[in-house]
Amino acid sequence: MAKDGLKIVTIGGGSSYTPELIEGYIKRKDLLPISEIVLVDIEAGKHKLDIVGAMARRMVKAAGLDWKVTLTLDRKSALKDADFVTTQFRVGLLDARVKDERIPLSHGVLGQETNGAGGMFKAFRTIPVILGIIEDMKTQCPDAWLVNFTNPAGMVTEAAIKHGGWKKTVGLCNVPIGHRKMAAEKLDIPEEDLFFKFAGINHFHWHRVWDKQGLERTHEVIDAIYKPTDEDQESHLKNIHNASFHYEQIIALEMLPCGYHRYYYAEDEMLKHSIEEFEKGETRAQVVKKTEARLFELYKDPELDYKPEELSQRGGTHYSDAACEIIAAIQNDLRTEMVVSTENNGTVTDLPYDCAVEVSGVVTSHGFEPYNWGTFTPEARGVIQSMKGMEETVIRAAIDGDYNRALSAFIVNPLVPGGVVAKDILDQMLYAHKDHLPQFADKIREIEENQPDTVNYVDELMKSN
C-alpha cells in the first residue's frame, strides 16, 4: 500500500533546536509532503520532549498544516517505515558536557565539546548509540536516509558509514554556512553569485571563494577578515572565543580557515580564555545550560507558535535548517550545493579512501556528489592527516572499548599534552562518565578499585561545579 506522505523521525526530539527544525519543514512545505513528524527522546528528556512537542504542534497548526506530530520514548517503533531519520541527541545531556570541559581545564588543558579531550569523550559516548540506531533502522526502515548533526559530527558520520554500513548517511555542520555568509558580506556580493569550495574534516576544514566571472576572491576575503587593523577580527561563531589568527599564516595557507582552527592556530589564547571561564564557573556548557533553561521557559508559553529569536544565541543555529534543506534536496533531486560530511572516495587524496571528509558538492536524489578537491599544500596536509588518524583511533576505541587506543588517541590529539597528564585526564573522564560508557566498564571498575586519588579528584571537582 502506498504511503500518504513522508515520515520524518528525529532522535533527540526534546532538543532546544527542534523549533528551528519544525520551522525549516514549514518553510519547505511545498517541497516536503510530510504526513508525520516523530520526535523521539529518552526518559531523562521526557519533560523537555513534552514542552518542545507541544510547541511543535502549535507551530504546525499555526502554519495551517495537518501534519501529525508524535512524541515517543520508544525509538524502535518510532523508526518503523521512516523515510528520513535526523539525529540531534546528546548522551549524558549538558551535564556530560560540563564534565568534558571542566576536567581537562582543571589540568590547564583545553576542554571543548568537539575538540580535544572533551570532543573525544563525546565521541566515546555517542558512537555506540548511533550504531544502535542503525541496527534498529536495518529492520524498521531499511531505505531511510540518516541525517546526522549530533556532534562530533565528522566522527559520528564516519562511524555510521564505515562501521555501521549505512551508506545513506550525511553529516551536517552549521559552521560552513556562517563562513559563506561572511564572505558574501565582505565582498558585497550575493551569496548565490559566489562559488565556494570547502575541504577537510568536521571543524577542521578550509575553503576558497570565486565569483561569477571566474576570479578567485579568497585573498580579498582573507584581507577583509584577518588583515591587522585597530578592530578585532570577526567571527560568526557564537560558541567559541574570538581569538585572532596570524594574518601571515593565513596568507601562506592561501585558504580561509574554519573558525574552530582557533583551537589549534591560536591555542595559547583560546586556552587562556577557557581557563578564565573555568575559574569563574562560566564554561561554555554552564552558559548553555542557562540559555537552554531560558529557552524552555519561553517554549512553555501556550501562545508561542514560532521560533523565538533567542534560539540564535545557541551555537548551533542553522544546523536544523540545513537538515531540512538536505532532506528537501534528496526528496526532490534539487542538486542543491551544500557542505556535508560524507565518504571520501578519493575526493581528498591526502586522506583515507573510506574515511569521512567535510566537502562541498551537490545533493541529489541518490545522495551527495562531492566536488573533487585533490591534495592539500604542505601547510595543511600534515596536520589534517594527523587529525584524521586521531579520529580513526577514537572511533575504534569507542566501538571496542579499547583503553589502549583511547590513550593513543589522547596522545595523538594536538590539544592534549602527552605523558602523565594525558593518562590522568583519560582516567578521570572515564570515571566521570561511567554511566554512559558501558564498553569501558572493566577499565572503569579497575580505576574505581585501584585509583582512589582519581575517584576523589573527580568527585571533589564535580561538587565544586
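Reader: Okay, serine 274: buried or exposed?
Author: This is a predicted model, so everything here is computed from it. Serine 274 has a relative accessible area of 10%, and since buried means under 20%, that residue is buried.

Reader: Where does serine 274 sit, and what does it touch?
Author: Serine 274 belongs to helix H11, residues 267-279. Not counting residues up to four places away in sequence, it touches Leu105 and Leu110.

Reader: Let's zoom out. How many helices and strands does the chain have?
Author: There are 18 helices and 12 strands.

Reader: What are the dimensions, roughly?
Author: The C-alpha trace spans about 60 × 55 × 40 Å along its principal axes.

Reader: How much of the chain is buried?
Author: Of the 465 residues, 58% are buried. The chain exposes about 18800 Å², and carbon and sulfur atoms supply 48% of that.

Reader: Charges next. How many positive and negative ones are there, and how far apart are their mean positions?
Author: The chain has 53 positive and 73 negative charges, and their mean positions are 4 Å apart.

Reader: Now the inside. Which residues have the most contacts in the largest nonpolar core?
Author: Tyr25, Val85, Phe124, Ile326 and Phe410 do, in a core of 148 residues. Helix H5, residues 116-140, gives the most to this core, with 11 residues.

Reader: Pick phenylalanine 410. What is it in contact with?
Author: Leaving aside neighbours within four places in sequence, phenylalanine 410 contacts Ala117, Met120, Phe121, Phe124, Val416, Ala422, Ile425 and Leu426.

Reader: And Tyr25, which helix is that in?
Author: Tyr25 is in H1, where the buried residues are Thr18, Pro19, Glu20, Leu21, Ile22, Gly24, Tyr25 and Ile26. That makes 8 of the 10 residues of H1 (residues 18-27), so the helix is largely enclosed by the rest of the structure.

Reader: I always look for histidines. Where is histidine 433?
Author: Histidine 433 is in the loop between helix H16 (420-432) and helix H17 (441-450). Its relative accessible area is 1%, so it counts as buried.

Reader: What are the contacts of histidine 433?
Author: Beyond neighbours within four places in sequence, they are Ala96, Lys99, Asp100, Phe121 and Arg125. Phe121 is also in contact with phenylalanine 410.

Reader: Switching to the backbone. Where is there a cis peptide bond?
Author: One joins asparagine 151 and proline 152, with omega at about -10°. Proline 152 lies in the loop between strand S5 (145-148) and helix H6 (153-163). For background, most peptide bonds are trans.

Reader: What sits in helix H6, then?
Author: Glycine 154 is one of its residues. At 4% relative accessibility, glycine 154 counts as buried, and it touches Asn202, Ser341 and Ala356, not counting residues up to four places away in sequence.

Reader: How far is glycine 154 from glutamate 391?
Author: C-alpha to C-alpha, 8.6 Å in space, although the two are 237 residues apart in sequence.

Reader: Which residues other than glycine have a positive phi?
Author: Among them are arginine 335, with phi near 55°, and asparagine 345, with phi near 50°. Arginine 335 is in the loop between helix H13 (319-332) and strand S10 (336-343). Asparagine 345 is in the loop between S10 and strand S11 (356-364), and at 39% relative accessibility it counts as partly exposed.

Reader: Last one: lysine 68, buried or exposed?
Author: Lysine 68 counts as exposed, at 51% relative accessibility. It lies in strand S3, residues 68-72, and touches Ser35, Glu36 and Ile37, not counting residues up to four places away in sequence. The C-alpha atoms of lysine 68 and isoleucine 37 are separated by 6.2 Å.

Definitions and conventions: Residues are numbered from 1 along each chain as its sequence is written. This is a predicted model: local features need pLDDT of at least 70, side-chain atom pairs count only at pLDDT 80 or more; totals for chains, interfaces and linings use all residues. Side-chain values use heavy atoms; hydrogens and water are left out. Buried means under 20% relative accessible area, exposed over 50%, partly exposed in between (1.4 Å probe, protein chains only). Helices (H or I, at least four residues) and strands (E, at least two) are DSSP runs, numbered from the N terminus. Accessible areas come from the Shrake-Rupley method with a 1.4 Å probe; for residues, only the protein chains shown count as cover. Lys and Arg count as positive and Asp and Glu as negative; His and the chain ends are not counted. The place of a charge is taken as NZ of Lys, CZ of Arg, CG of Asp or CD of Glu. A nonpolar core is a set of buried Ala, Val, Leu, Ile, Met, Phe, Trp, Tyr and Cys residues joined through side-chain atoms within 4.5 Å. Contact means heavy atoms within 4.5 Å.
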